[in-house]
Amino acid sequence: MEYEYTYQPVIRHYAVSGYDKQTNEVVIKLVNGENTPWNISINLSNMKSVQSEGTQITLSGMDPDDENSFVNPEKVVPVETVLKGIKPSFEMVCRPNSFTILRIPCEH
């Protein structure tokens, strides 16, 4: 008997979103578990209004094995930046080996 198997690598991209009623923000959490950038499209067209600026918090390392230690306790730390140019539909790039949180002010 012969058996044949085609290897299909698992692409480690994950996304989850929700709406924070206290701050009126869409919260999007993105995980790129790959060693390459991840180009993504975000669609908020079902929201009543979307602000043009939000917050992006990114936790990433240059190497998937990067970790904090007593010698280097801040090798991998979250970096908060202003996310500009937000539209009801926009594209962005997630860094390799990263966890990104987007907080986008919108009216639901």
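Author: Start with pairing: two strands pair if DSSP finds at least two bridges between them. Keep in mind that this is a predicted model. Here V16 stands opposite K29 in β2.

Reader: In which sense do β1 and β2 pair, and over how many bridges?

Author: Antiparallel, over 8 bridges, with β1 covering residues 13–20 and β2 covering residues 25–32. As for side chains, in a regular strand they alternate between the two faces of the sheet.

Reader: Which residue takes a positive phi in the hairpin of β1 and β2?

Author: That's N24, with phi near 55°; the hairpin has 4 residues between the strands.

Reader: Zooming out, how many helices and strands does the protein chain have?

Author: There are 0 helices and 8 strands. The radius of gyration is 17 Å, well over the 13 Å that the globule rule gives for 108 residues, so the protein chain is more spread out than a compact globule. Its C-alpha atoms fill a box of roughly 60 × 50 × 25 Å along the principal axes.

Reader: And what share of the residues is buried?

Author: Buried means under 20% relative accessible area. By that cut-off, 29% of the 108 residues in the protein chain are buried. The accessible surface comes to about 8100 Å², and carbon and sulfur atoms hold 51% of that.

Reader: What about contacts between residues at least 6 apart in sequence: how many of them join residues at least 24 apart?

Author: In the protein chain, 71% of them do.

Reader: Last one: how many positive and negative side chains are there?

Author: The protein chain has 9 positive and 14 negative ones, and the centres of the two sets lie 10 Å apart.

How values were computed: Residues numbered from 1 in each chain as written. Predicted model: local features only at pLDDT ≥ 70, side-chain atom pairs only at ≥ 80, totals over all residues. Heavy atoms only, no water. Helix = DSSP H or I, 4+ residues; strand = E, 2+ residues; numbered from the N terminus. Rg over C-alpha atoms; globule rule 2.2 N^0.38 Å. Buried < 20%, exposed > 50% of the residue type's maximum accessible area, 1.4 Å probe, protein only. Contact = heavy atoms within 4.5 Å. Areas by Shrake-Rupley, 256 points an atom, 1.4 Å probe, with all protein chains shown as cover. Lys, Arg positive; Asp, Glu negative; His and termini not counted. Charge placed at Lys NZ, Arg CZ, Asp CG, Glu CD.
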